[in-house]
Amino acid sequence: MGLKGFKRVISTTISAMLLAAGVPSVPAVNAADAQERGNIGGYDYEMWNQNGQGQVSMKPSAGSFTCSWSNIENFLARMGKNYDSQKKRYKQIGEDITLTYDVEYTPRGNSYMCVYGWTRNPLMEYYIVEGWGDWRPPGNNGVESKGTVTLDGNKYDICKSMRYNQPSLDGTQTFPQYWSVRQTSGSRNNTQNNMKGTVHVGRHFDAWSNAGLDMSGTLYEVSLNIEGYRSNGSANVKSVRVYADGRMFDPSEQTDDTTPVKTVEPDQNGDYLTSTFENGAGGWGSRGSNSAEIVSTDFYEGSKSLYVSERANDWHGCGILLDTAAFAPGATYSFSTAVLQKSGHDVTMQMSLQQGDGNSAAYTKIADCTAKSGEWTKLENTEFTIPDNSGDMLLYIETPEGSDEFCDFYIDAVQVSEKGKSSAVVTGQGTVTDKIVYTDTSSTGGTALSKTDTIKIMPIGDSITFGMGETGGYRKYLYNDLKQKGYTKIDMVGPQGQNSANFNGMSYDDNNAGYSGFTIKQQRNSWSNDSGLYEKLKNLDAVKKAQPDIVLLIIGTNDMTANRSMSDCEKDLHTLMDYILNDIPEGSVVFMGSIPEFTEYGGNPTRTANYNSTVKKVAESYASQGKNVKFADVHGCLDGMNDIGSDKLHPNGTGYKKMGTFWADTIDKYVAASAPVVTTTTTTTTTTTTTTTTTTTTSTTTTTTPTTTSTTSTTTSTATTTPETTTTTAPQPAVTKAGDANNDGNVDMSDVVLIMQALANPNKYGIGGTDEKAITEQGWINGDVDKSTEGITSNDALRIQEFLLGKVKELLSK
């Protein structure tokens, strides 16, 4: 599609690959069209000129190209990564698909520079527009507005347009086009624009999905595209890089084996690089599947800092590409920054250097420090010598790999200078809002419970907790599973239901706090003025009246169908949790459950996963403050949409049964861990034997020899010592080998498979399942390696995989 018409798009897949695979290529190009395409240095490129009109050129190199056009009808030149052969959705390609560019772009008329590509099954064409000439795409004709998103320091309008019976990757088709267009162009017409930036492509995809656009197709490509329509112009793309997993380098990229030589000297202050974030990110971006944005709430100096959040791994952080003209192996520099974290406990922060890319990349720690919660801390090494390794260099701020520390953090006052120069950062200075003071988390076990105690369980949530689709939902299965485990006094509590109910011969306590159609908090323009869970519970004084020992919370599905942002959901979850924690008895526990899969009302796996990550983040934030809050992966116990009913929204009978079993196992393990101590009194009896010897001497007046008679008597006495009291804890099953779920003495992929089978089909592969290879109690204990969640979940399978891949050094997480 042209900028005001249709642009002819050609596959960048290598022709030889298509022929070898015997797969049909894209539709034939008009014989009059001029086309060049290929792959150089691991990057796919294409130049296309409709009807061969005017004068055009494209000169590609590895990760760069130049192009020009004049007097054309429609022209494009693009370069990037083609993923079509992988047949994967974007989330399967990498954790954080990112494109960086450094371009001299000179549009003269109708032209734009964008990130461009397609998905297949369903077919979709997409654009992330960074700059344009005299016309802002996509215009207004037939364009649907889908909101806005702010990413990488720029605000974008999200739009959708349709193409009807037009040429495409797969012949003449009708297909949608998705757009993110900067509200302010990064370029001006008739001017050479020096444009340098980072585009987190995967996050634009997330934003589109959150806006209700279908992102379920397999990703075809991610490319930087220069395009002109009936115009003139030129571009010098000095660098384009596509990183699949947010590590800044794709393993398939070509590595430059030439060692860089320093040719740039420091400024008059002795600094090679300074970042204050007062005017934007300045080349800094996120590393991994997390967010990096400029904020003005906390800062060391000035009024802004870079805030890194939504970290899913310890090495996820932020980074910047270092100029190889200023930094060279063998040279020594001073590296410094101010860091801040507010987790509620001390955290080790680390500055690292990556050299090279892919499997050959080298990583070196520059400096680390212990950062107290709520205090700006200096992270510095004034004499760091860059190792003699080749390839591009990237500077990272992160937490050490293997630390399992996923807290949010801030950086400010970054300075890289001449050897020996210390920065002006002083630990303890700077501006901090909402400071979190360290809280001792050593005792979070809660009130001691046992199977014979009365245990009050309060299910809280929306229609899934209520049991939409099957009377009693998961609650009846939970109640009966606990009874079978030997619990004698289970009391389900809440303002809904009754003390006794029956379903298909199954008797259970029906009290609950499940409300169909409710969001976390009341929303404007909702289906009713009484549809906020927080307001409902608070108005009823429900939690204080129930006084639960255990709260099971599953809420958020309706927030997702309402297309609410993750940040808003996170705030509302905190409001709801603050209320619950304030009203439950001291020592009670709250399990925050993830939501099941759903595809109705705009639901999709990506949106569900993002929300569940938010739930986990909130749960962990409370746990880090010493609150008895635990994340429970309800989603992980279900087999995706196979356990969801025909409405594509609520679990079916099998799904509810799995949820009941999951909650029963979760509660059982929690109760076992909090069991009261066992006191044993031992009385020791000691028998003592005493031997007494009596000597008698007889004398006469005559001279005789004295006679001595000895008599021995034995006395036996019995004494009772003071009672000796010893205290022991209730016996707990021991881990024989962490990760060895199938008890074969090894840790490998077979353990991962068994865990996933046990979760997906507990009747067959769970404890006591019908299959001869079903997981045993010992295997269940061994497989529980991820201690951030309660019991066996999909997180345990994931951690074992990460261990096998070398991503984590130890199996058992904190």
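**Arg89 and its surroundings**

Not counting residues up to four places away in sequence, Arg89 touches Ser216, Gly217, Thr218, Leu219 and Pro605, where contact means heavy atoms within 4.5 Å. This is a predicted model, in which local features need pLDDT of at least 70 and side-chain atom pairs count only at pLDDT 80 or more, while totals for chains, interfaces and linings use all residues. Residues are numbered from 1 along each chain as its sequence is written, and side-chain values use heavy atoms, with hydrogens and water left out.

- Arg89 lies in the loop between strand S5 (74–82) and helix H2 (90–93); helices (H or I, at least four residues) and strands (E, at least two) are DSSP runs, numbered from the N terminus.
- Arg89 counts as partly exposed because its relative accessibility is 40%, given that buried means under 20% relative accessible area, exposed over 50%, and partly exposed in between (1.4 Å probe, protein chains only).
- From C-alpha to C-alpha, Arg89 and Tyr220 are 9.0 Å apart in space, although 131 residues separate them in sequence.

**Helix H5 and its crossing with H11**

- The axes of helix H5 (residues 473–484) and helix H11 (residues 653–673) come within 7 Å and cross at roughly 45 degrees, the axes being lines fitted to C-alpha atoms over the stretch in contact, with angles from 0 to 180 degrees between N-to-C directions.
- That angle makes H5 oblique to H11, because angles under 35 degrees count as roughly parallel, over 145 as roughly antiparallel, 65 to 115 as roughly perpendicular and the rest as oblique.
- On the H5 side, the residues making the contact include Tyr474, Tyr477 and Leu478, and on the H11 side they include Tyr656, Trp663 and Ile667.
- H5 is largely enclosed by the rest of the structure, because 10 of its 12 residues are buried, among them Arg475, Lys476 and Asn480.
- Just after H5, Gly486 takes a positive phi of about 100 degrees.

**The whole chain**

- The protein chain contains 15 helices and 38 strands, and buried residues make up 52% of its 814 residues.
- Of the contacts in the protein chain with a separation of 6 or more, 72% are accounted for by residues 24 or more positions apart.
- The accessible surface of the protein chain comes to about 35,000 Å², of which 46% belongs to carbon and sulfur atoms, with areas from the Shrake-Rupley method and a 1.4 Å probe; for residues, only the protein chains shown count as cover.
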